[in-house]
Amino acid sequence: MKKMYGMIICCVFFFVQNSFAGDFTLSSPQLIPDGRMSHDQVYSGFGCDGKNISPELNWKNAPANTKSFAVNVYDPDAPTGSGWWHWVVFNVPGDVNQLKEDAGNVAKGLAPAGSIQSRTDYGQPGYGGACPPAGDKPHRYHFTVYALDVVSLPLNVDSSAALVGFYLNSHAIDKARLTVHYSR
């Protein structure tokens, strides 16, 4: 009987504790969930004439044991057979909860100290905005922040998005996603 009461108390404690914990969420003043990406975030090149400005990203309610964050932007609808990686950022310190607007412009140095932006499918580090084929259906762009259980990933600026993804999936405690669409 004592074991039964112990299990009930434990379950109630777990339920109450998790009821007050907020969900890990990602938001942006420039992006409306399931809305259309603005011209500011569209790539400048490959036939696209956007401004290629990465949006401000804000996250909250990360798990308490988060040691670092990573962010990526992925288009699963790109006609490549493997999608398209538009932005890969990792080793964002665990006490940071934002990427500033245009942090994806490596030359401006707006990304958090210690973070690394690695190679995208455009072949270089930093943000590369949307640029789906003209006339194609609207593509989905998944902006995802990962809460990680390590302070840093043993990778560098030349690491591929697939390699970074392997480490993210090995160390993710939780993740939050914001999806927007774009077509031209």
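Trainee: Where does Asn-61 lie?

Mentor: Asn-61 is in the loop between β4 and β5. Keep in mind that this is a predicted model.

Trainee: Okay, is Asn-61 buried, exposed or partly exposed?

Mentor: Partly exposed, because its relative accessible area is 39%, and a residue has to be under 20% to be called buried and over 50% to be called exposed.

Trainee: And what's its phi?

Mentor: Asn-61 has a positive phi, about 65°, even though it is not a glycine. Asn-52 is another non-glycine residue with a positive phi, in its case about 55°. You'll find Asn-52 in the loop between β3, residues 48–49, and β4.

Trainee: Let me zoom out. How many helices and strands does the protein have?

Mentor: Two helices and ten strands. Reading from the N terminus, you get α-β-β-β-β-β-β-β-β-β-α-β.

Trainee: What order do the strands take in the open sheet of five?

Mentor: The order is β8-β6-β5-β9-β10, and the pairing is antiparallel. At the edges sit β8 (116–117) and β10 (172–182), each of which pairs on one side only.

Trainee: How many bridges join β6 to β8?

Mentor: Two, with β6 covering residues 84–93 and the strands running antiparallel. To see this pairing on screen, look for Phe-90, which stands opposite Ile-116 in β8.

Trainee: And over how many bridges do β5 and β6 pair?

Mentor: Seven, in the antiparallel sense.

Trainee: Why is β6 described as largely enclosed?

Mentor: Because seven of the ten residues of β6 are buried, the strand is largely enclosed by the rest of the structure.

Trainee: Which strands does helix α2 lie across?

Mentor: Helix α2, residues 161–171, lies across β5 (68–75), β6, β9 (139–148) and β10. Its angle to β10 is about 135°.

Trainee: Switching to the inside. How many residues are in the largest nonpolar core?

Mentor: It has 30 residues. Those with the most contacts inside it are Leu-26, Met-37, Leu-57, Trp-59, Leu-99, Phe-143 and Val-145. The elements giving two or more residues to this core are β4 (57–60), β5, β6, β9 and β10.

Trainee: What does the side chain of Asp-77 reach?

Mentor: The backbone nitrogen of Arg-140, at 2.7 Å. Not counting residues up to four places away in sequence, Asp-77 touches Lys-137, Pro-138, His-139 and Arg-140.

Trainee: Which side chain does Gln-41 join in a polar contact?

Mentor: The side chain of Ser-38, at 2.8 Å. Once residues up to four places away in sequence are left out, Gln-41 touches Gln-30, Leu-31, Ile-53, Pro-55, Tyr-127, Gly-129 and Ala-130.

Trainee: Last one, for the whole protein. What share of the residues count as buried?

Mentor: 41% of the 184 residues. The accessible surface comes to about 9800 Å², and 57% of it belongs to carbon and sulfur atoms. Among contacts with a separation of 6 or more, residues 24 or more positions apart account for 74%.

Key:
Residues are numbered from 1 along each chain as its sequence is written. This is a predicted model: local features need pLDDT of at least 70, side-chain atom pairs count only at pLDDT 80 or more; totals for chains, interfaces and linings use all residues. Side-chain values use heavy atoms; hydrogens and water are left out. Two strands pair if DSSP finds at least two bridges between them. Helices (H or I, at least four residues) and strands (E, at least two) are DSSP runs, numbered from the N terminus. Contact means heavy atoms within 4.5 Å. Axes are lines fitted to C-alpha atoms, for helices over the stretch in contact, and angles run from 0 to 180 degrees between N-to-C directions. Buried means under 20% relative accessible area, exposed over 50%, partly exposed in between (1.4 Å probe, protein chains only). Accessible areas come from the Shrake-Rupley method with a 1.4 Å probe; for residues, only the protein chains shown count as cover. A nonpolar core is a set of buried Ala, Val, Leu, Ile, Met, Phe, Trp, Tyr and Cys residues joined through side-chain atoms within 4.5 Å. A polar contact is a pair of N or O atoms within 3.5 Å; within protein, one must be able to donate a hydrogen and the other to accept it, and residues adjacent in sequence count only if both atoms are side-chain atoms.
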